[in-house]
Amino acid sequence: MGEAIVQFLETWSPIDIVLIAQNFDRFLLGAWVTLKLTVLSLVIGGIMAIPLAIIRAGSNPLLNAPVWAFTYLFRGTPLLVQTYLIYYGLGQFDWVRETVLWQPVLSQAWYCALIAFSLNTAAYTTELLRGSIVTTSKGEIEAAKACGFGKWMRLRRIVLPSAFRRALPAYSNEVIFMLHGSVVASTITIQDLLGVGRWLNGRYYLAYEGFITAAVLYLIIVLLISKGFRLWEKHWLAHLYPQDAVKAKPKKGLASFRI
Amino acid sequence: MRIAASADMDLIIEYQGQLMAGTWVTIRLALLSLLLAVMFGLLGAWAKLSKNIVAQKTAAGYTTVVRGVPDLVLILLVFFGGQELANQIGALTGLWDYAEISQFAAGVGTIGVVFGGYMTETFRGAILAIPRGQIEAGIACGMTRLTIFRRIIWPQMVRYALPGFSNNWLVQIKSTALVSVIGLQDVVYNGFVAGRSTRQLFTFMFAVLMIYLVLTAVSDAGLRWLDKKYSKGIVRSEDG
């Protein structure tokens, strides 16, 4: 039975499914590298973004200007070039190559990708969080003041928890963009999901198999992430939805109009 | 420090021809793929809002795939796979011996189609934001569908779509950098080659970074101007 299937696929399938199946463990390993890189960058970038967003939402020009410059630089330029700058560029300086960090960290592709990705997502997350901090409703802050909350207490108990929740839908986009962006790692020799696809195509001189397998696996990961975020939003943003929205049927608006 | 900076500047001036040529390729690539993206976006929004179930499903599948798969994967697939496919079709039909897809064409096609998916969602949302009564009023006045689109939907759609459009465009300019991976001699590729031959990769990559920053800043200013133009006569809320 199994042999019959293999024979059938080898004869009739336009792409070499058997070869993909044989190398599938490598693809899973690549997916693991992609996920590890993405999640670690998001965690590091997210931790950096919280104080930076508080600074950006505040009105201290001395602190605000450098943070603004940082987010402007990283949001206005391609991640590919940022990664090249760190991985290929830093070696230009003798003093960088003489530091203790050079051998274990700054000359390693993996750490360079991690640094570039973390800074990139930190910049985007900072602006995203700033947006949701400044749109906290005035009433909530007044109420906290009336209860005698100090500045830090207000931030910790009122502003940030509510800002995090409201930033969730936009943050889910950032997570998917970061996953997409992580393919840049494959251009600096890292065997991530796309790296494995490129390796397979290079090794067996193929045009489709590696890329298609990588594409399908990326698609599955993205769909799982957005599904997860939707469940998360349902839980954390439940208080913001209209009360009867669950029961009421969505009205057909322009959807039925044909252009 | 000052001496180093001026030496770097001299190097960049020495290689400015290559950098400018690359920048020009990047700009052409970005603008052509934007044109394609807008076309695909309008087509996709039309399909998503139509009553035709086949068109709806096709558009839904299209936006899911292009927004789910990273652009570099699709660029590689189109460049290498597309070439192979064209040759296989040629061999099968006997119409051509050897077909070649240029890096530029693969880049424009892929980035255009991918961002067409993002534009589809932007345009769809913008059309849905137009109050239905206005379209009914148009029908009542005896306007044809085309007139309704030209006079009622388009001017308002542009206004509602501009924020999303601006966002997509800024992401799209940056995505063009990925086409350098398949060997297109854009600003990243040329900057990299110049940096490697002079062993000053940081200098050149930083110059490339600055060029992208200028491109995004100029686009940002242009889009703000457009936004002002299309929002004439609209009262904005105080904090908007």
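# A two-chain helical model

B:G164 lies in helix α7 of chain B, where helices (H or I, at least four residues) and strands (E, at least two) are DSSP runs numbered from the N terminus. This is a predicted model, in which local features need pLDDT of at least 70, side-chain atom pairs count only at pLDDT 80 or more, and totals for chains, interfaces and linings use all residues. Residues are numbered from 1 along each chain as its sequence is written, while chains are lettered from A and ligands numbered from 1 in the order in which they are written.

B:G164 counts as partly exposed because it has 17 C-beta neighbours inside 10 Å; a residue is buried with 20 or more other C-beta atoms within 10 Å of its own, exposed with 12 or fewer, and partly exposed in between, the C-beta atoms being placed from the backbone. Apart from neighbours within four places in sequence, B:G164 is in contact with B:T122 and B:G125, a contact being two C-beta atoms, placed from the backbone, within 7 Å. From B:G164 to B:F192 is 28 residues in sequence, and their C-alpha atoms are 32 Å apart in space.

Leaving aside neighbours within four places in sequence, B:A86 has contacts with B:A99 and B:I101. Its C-alpha atom is separated by 26 Å from that of B:Y189, 103 residues apart along the chain.

Chain B as a whole has nine helices and zero strands. Its C-alpha atoms fill a box of roughly 70 × 60 × 25 Å along the principal axes. The radius of gyration of chain B is 22 Å, whereas a compact globule of 240 residues would have one near 18 Å; the radius is taken over C-alpha atoms, and the globule rule is 2.2 Å times the number of residues to the power 0.38. Of the 240 residues in chain B, 41% are buried. Among the contacts in chain B with a separation of 6 or more, 77% join residues 24 or more positions apart.

Chain A has 12 helices and zero strands. Its C-alpha atoms occupy a box of roughly 75 × 65 × 35 Å, again along the principal axes. Buried residues account for 34% of the 259 residues of chain A. In chain A, residues 24 or more positions apart supply 74% of the contacts with a separation of 6 or more.

The two chains meet through 42 residues of chain B in contact with 35 residues of chain A. Several helices of chain B each supply at least two residues of the side that touches chain A, among them α2 (16-49), α4 (71-93), α7 (145-175) and α9 (201-230). The most comes from α9(B), with 11 residues. By class, this side of chain B has 30 nonpolar, seven polar and five charged residues; Ala, Val, Leu, Ile, Met, Phe, Trp, Tyr, Cys and Pro count as nonpolar, Asp, Glu, Lys and Arg as charged, and the others, Gly among them, as polar.

The largest nonpolar core has 112 residues, and those with the most contacts inside it are A:V81, B:V73, B:I75, B:L76, B:M205 and B:V208. Such a core is a set of buried Ala, Val, Leu, Ile, Met, Phe, Trp, Tyr and Cys residues joined through C-beta atoms within 7 Å. Apart from neighbours within four places in sequence, A:V81 is in contact with B:A177, B:V188, B:M205, B:V208, B:L209 and B:Y212.

Helix α11 of chain A (residues 193-204) is another place where the chains meet, as its buried residues pack against α3 (24-57) and α12 (209-236) of chain A together with α4 of chain B. Those buried residues include A:L193, A:L194, A:R198 and A:N201. At 1.5 Å a residue, the 12 residues of α11(A) should span 16 Å, and the end C-alpha atoms are 17 Å apart, which agrees; the expected span is 1.5 Å times one less than the number of residues. Just after α11(A), A:Y205 takes a positive phi of about 55°.

As for confidence, the predictor gives the complex an ipTM of 0.88 and a pTM of 0.88. Chain B averages a pLDDT of 90, and 95% of the residues score at least 70; pLDDT is the predictor's confidence in each residue, from 0 to 100. Among the elements of chain B, helix α1 (residues 2-14) has the lowest mean pLDDT (74) and α2(B) the highest (95).
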